[in-house]
Amino acid sequence: MAIISNSIQNNSQGTSSGVSSPRSQTYRSGNSTIQLQEGQTLKGVVSDVHGKEITLAMEDGSSFTGKLPDASQYSIGQKAAFQITSLDSNTIYMKAVNSAYLLDIEDTIEQALEEASLPKSDRNIEVVRSLLQNQQSISRENIMSSIQLCARFPKVDVNAVITMKRLGLPMTQESVQQFANYQNQNHQLLSKMTALTNDIANMMNAIGSQVPRLAGEIGARILAMALEGNPSLEEMALSENGNTVQAETILSEQESLTETAADGKTQTAAELADPSVITEEEAAKMSGSETMAEETTDPAQTAGPLARMRQLFTTLTDGNAAARTALTESGLGDDFRTPFIHEQAGFILSPEDRQAFASFLSEYPIPEELKQGIADGTITARQFLAAVKDILPQLSDEEAGKLLTSRAFQDLVKAQFTSGWTVSPEQLKQEQALDVIYDKMSRQFETLSHFSEQVLGKNIFSQLSQNASDMSNNLDFMKMMNQTFQYIQLPLKLQNQNAHGDLYVMTRKEALKKNPDKLSVLLHLDMDHLGTLDIRIVKEYTAVSANFFVSTKETKDLLERNIELLNDAINEQGYAFTSELSMKEKDIDVVKDFIGADAPVGDLKRYNFDLRA
């Protein structure tokens, strides 16, 4: 039975037939008949909305589909009431009851499953609930197709699958899992880096203690990977100041290490090691894949769209020392800086650990100045590990094994990997800095995900492989997102801490093409001293405004005392800079507030209608 909008019959007087007493009539709806009477109120649930068509599921199981071009909106899942104003042989005249009401969502879910003749299993209930939350059709056909889609990803939250479908994102096992991670705020690369470097340390400990005959070979491969890439800006500045030992050897050492790492990347498992090199018994003691993918994260996709952000970031961070004091206690300022940079032993190890490790190294053929550098904390992890890599072939199996099981040595290796995966504010200003770091992460995560199988012939360290693979998939997901959205994670290396950052370019790509001088970004930071901090920055030509959203009153008070220093410093660079401080009301949600902010929810209408059927 079709329901057609009738703007003329928008009153309780019915049609022009002038009927003075209620009449009743029988109509057919599908395979059933329905007895209707003037003045009767029909109640139903909006089960589907598509374009100008709406389907109303009645309480007795019958349903009506109608076109309502002149109606305001109803939501899918909303229960609506309509009063019959007049009947004739072909038409039912109806009007919306002003007191239309909402059906409880749980009742709506149960009714939708009943009408679809589907069992009320927990999974099916979650599918319908997610469809309602995403304002999608709860017709039988859409419920069935959604259940089938979710069955392809049984280990992933149903809402992640339904939301990805609504947004039109490519769906694979890896992308769906990563989307769920982002939706659950479990996406931070920085926290996953800690888990991954712990896995590397556990692998070294297992090899050093259980199979010391492999300690030299495996240790050399791990160090070659950790030392890949150039020293950080902070390391190079330290070398220029003459504050480290053997600074002049860094770049030459690095060149050979990079070549070694590159050569290792192209070798097959057979070339790297004989699978029989490790016995089943040794594998069982150490136990707690696929061919390497050729594709890596495309720098142009991960960082290219953010070139304007780099210029803006430079604008906001350049300036005099007074501007930097505006972020005192955050790790960005100078007041709480340690005497060591992140890469130095003094930052990585406690004084007690440094002394103990220097004593441990007394029997190893390492230059005395390097041992002293460990003791006083001035040597960098790169310098020390490069020297260790050179002497590993000279060590006995026992010596190499003991070195790999040393906690201080493991901490230096972990710190070196982390340093290569994080970026300082100064590095962010460099052209291609993010490209280089993300390209390195992509290569190394992929290599680590297959390291055990390729080097030992067996996937013994499954946790290492799993965590590395997860991080590799995380980068691939960001690459996929950046085909449409401009977003990137920033694992930041600050003065006294590493901090997680999310950078959202809120201005969509099409808008940037039309007006390249107008840019809006949101920088989200999780800091030790400042807590959670969101900075919304808008730049239009030379006008720059920044809104700081803080999570604690103490942080707000701190920034209020210093914000004018930042304002003055930016204005001195030729910009008209203004700022505002506010308490944060809610956390930014990557999925809801960014990816799905402008995404369609289907051709949804909310109807209050005056109908005829």
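In this predicted model, ring pairs join Phe-179, Tyr-182, Phe-477, Tyr-487 and Tyr-504 into a cluster. The structure contains nine aromatic pairs by the ring-centre criterion. One of them, Tyr-182 with Phe-477, is tilted, with 5.1 Å from centre to centre and 45° between the planes. Both Tyr-182 and Phe-477 are buried.

Nonpolar side chains tend to be buried together in soluble globular proteins. Here the largest nonpolar core comprises 132 residues, and Phe-384, Phe-409 and Leu-412 have the most contacts inside it. Helix H6, spanning residues 189–210, is the element that gives the most to this core, contributing nine residues. Around Phe-384, leaving aside residues up to four places away in sequence, the contacts are Phe-357, Leu-361, Ile-366, Leu-370, Ile-374, Ile-379, Phe-409 and Leu-412.

Ser-442 is a polar counterpart to consider. This residue is located in helix H22, which covers residues 433–449. Its relative accessible area is 5%, so Ser-442 counts as buried. Along the chain, Ser-442 and Asn-473 are 31 residues apart, while their C-alpha atoms are separated by 9.1 Å.

The remaining element is a sheet. Six strands form an open sheet with mixed pairing, in the order E9-E10-E11-E12-E13-E14. Strand E9 (486–493) and strand E14 (576–583) are the edges, each pairing on one side only. From one strand to the next, the twist averages 15°. Strands of a sheet pair through backbone hydrogen bonds, in either a parallel or an antiparallel manner. Strand E13, residues 543–550, runs parallel to E14, and eight bridges join the two. Within this part of the sheet, Ala-543 is placed opposite Ala-576 of E14.

Definitions and conventions: Residues are numbered from 1 along each chain as its sequence is written. This is a predicted model: local features need pLDDT of at least 70, side-chain atom pairs count only at pLDDT 80 or more; totals for chains, interfaces and linings use all residues. Side-chain values use heavy atoms; hydrogens and water are left out. Two strands pair if DSSP finds at least two bridges between them. Helices (H or I, at least four residues) and strands (E, at least two) are DSSP runs, numbered from the N terminus. Axes are lines fitted to C-alpha atoms, for helices over the stretch in contact, and angles run from 0 to 180 degrees between N-to-C directions. A nonpolar core is a set of buried Ala, Val, Leu, Ile, Met, Phe, Trp, Tyr and Cys residues joined through side-chain atoms within 4.5 Å. Buried means under 20% relative accessible area, exposed over 50%, partly exposed in between (1.4 Å probe, protein chains only). Contact means heavy atoms within 4.5 Å. Rings of Phe, Tyr and Trp (its six-membered ring) pair if their centres lie within 6.5 Å; planes under 30 degrees apart count as stacked, over 60 as edge-to-face and the rest as tilted.
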